[in-house]
Amino acid sequence: MEKIKIVLAYSGGLDTSVILTWLKETYDAEIIAFTADVGQKEELDGLEGKAIATGASKVYIDDLQEEFARDFIYPMFQAGALYEGQYLLGTSIARPLIAKRMVEIARKEGAKFIAHGATGKGNDQVRFELAVASLAPEIEVIAPWRSEEFRSQFPGRAEMIAYAKKHGIPVQASAAKPYSTDRNLLHISFESGMLEDPWFDPAADSNKEMYVLSVAPEDAPNEAEYVELTFEQGNCVAVNGERLTPLQVMNKLNELGGKHGIGRVDMVENRFVGMKSRGVYETPGGTILFTAHRKMESLTMDREVMHLRDSLIPKYSSIVYNGFWFAPERLAIQALVDESQKHVTGTVRLKLYKGNVIGAGVQSPLSLYNPDIATMEADPTQAYDQNDATGFIHLNALRLKVASGVHGASVHGAKLEQ
């Protein structure tokens, strides 16, 4: 009888290395290891050989960086997504792409199962599995960390290290850091370990070595650097006048942002599964892009369209954070976002200085800003008659006057002295 095939999301770390061998033994299965290159850099070195040595029958290491930037990061940034006012969703947005590619590999290889190493307490299990359910409901998902058999066998890292040693699994558990990281083109995240104490200060001088993508703001250059981002229909297409692909834009902005200590966030967030968790993030390029995009919109986007789109930011951000990228509600909001971006075209100039991204100018051939109308001097266009404001104010005040006449001024929350 032909063995079942399982496509495993594989990082090469202790957890997924142990899971690979455990799945092979437990299910008597053929394991196809898959690693998505979404910008992990040196973390990918030697992964293919390690996976084969651990028992994988086949290994896929696919460069998805351009697709990640073009089809996931850019649309999300057009929507202005910002989870709980701080998080640029760097981990969240990578999961649907990884799941999509796993589904493609599973179908190509005739595998009916997909497995991942996400824990039963985190968000990633939800993100992976909701994406798979959306794209390939016929494929079953194996989540070892939710298996009592697996958890009883591996109650802690010591048992995993012992298992790896017994099975000759090539992992370097002794070099593990006292926190977990997840890196991609958009950001790097740090969680668990010492960071579980929300009073712990990762930015203290003694902890500076933790950060990967950026220097500390106080160590950034003492001289500001200017950068210009050119947008076409809401997407950045050039940096300092040089046409670039979305991937090249992200790499360039990451370099600039990291140099100037930009994009560090330390927050306690609300996970979809119900608990609060502390996360530290570095998003240097994304922070620059987010700021520039917003400034471009301020010049070119209609007020009511902007306010409507902005009212959907919390919902859209939660959709991405919670793993519903391929759900109909995200696609519906994205259609509105796409329409809102048709005139978001022009150039933004920013000043980068010691962790700050400061606006330094914006221009567009589609600008809705008319200095002749906005001026405090005489309006040469006669487009705005200041006398019109009298009726405008009277009409907007009418309901307030009626309510005050019936209930008194206290109805408006004011306590007036007699």
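View 1. Phe 154 is buried, with a relative accessible area of 2%, where buried means under 20% relative accessible area, exposed over 50%, and partly exposed in between (1.4 Å probe, protein chains only). Phe 150 likewise counts as buried, at 0% relative accessibility. The ring centres of Phe 150 and Phe 154 lie 4.8 Å apart with their planes at 50°, so this pair is tilted; rings of Phe, Tyr and Trp (its six-membered ring) pair if their centres lie within 6.5 Å, and planes under 30 degrees apart count as stacked, over 60 as edge-to-face and the rest as tilted. This is a predicted model, in which local features need pLDDT of at least 70 and side-chain atom pairs count only at pLDDT 80 or more, while totals for chains, interfaces and linings use all residues. Residues are numbered from 1 along each chain as its sequence is written, and side-chain values use heavy atoms, with hydrogens and water left out.

View 2. The whole structure holds 13 aromatic pairs. One of them joins Trp 22 and Tyr 27 edge-to-face, at 6.3 Å centre to centre and with 80° between the planes. Trp 22 counts as buried at 3% relative accessibility, whereas Tyr 27, at 36%, counts as partly exposed. Ring pairs link Trp 22 and Tyr 27 with Trp 145, Phe 150, Phe 154 and Tyr 163 into a cluster.

**View 3. Positions annotated as a binding site.** The UniProt record, an unreviewed entry, places the feature "binding site" at Thr 119, Asn 123 and Asp 124; its positions are given in the numbering used here, feature names are shortened, and annotations may be inferred rather than shown by experiment. Thr 119 is found in the loop between strand S4 (113-115) and helix H5 (124-135), and Asn 123 also has its place in the loop between S4 and H5; helices (H or I, at least four residues) and strands (E, at least two) are DSSP runs, numbered from the N terminus. Thr 119 is partly exposed, with a relative accessible area of 38%, while Asn 123 is buried, with 8%. Leaving aside neighbours within four places in sequence, Thr 119 is in contact (heavy atoms within 4.5 Å) with Gln 125 and Trp 145.

**View 4. Leu 398 in helix H14.** Leu 398 is found in helix H14 (residues 388-407) and counts as exposed, at 51% relative accessibility.
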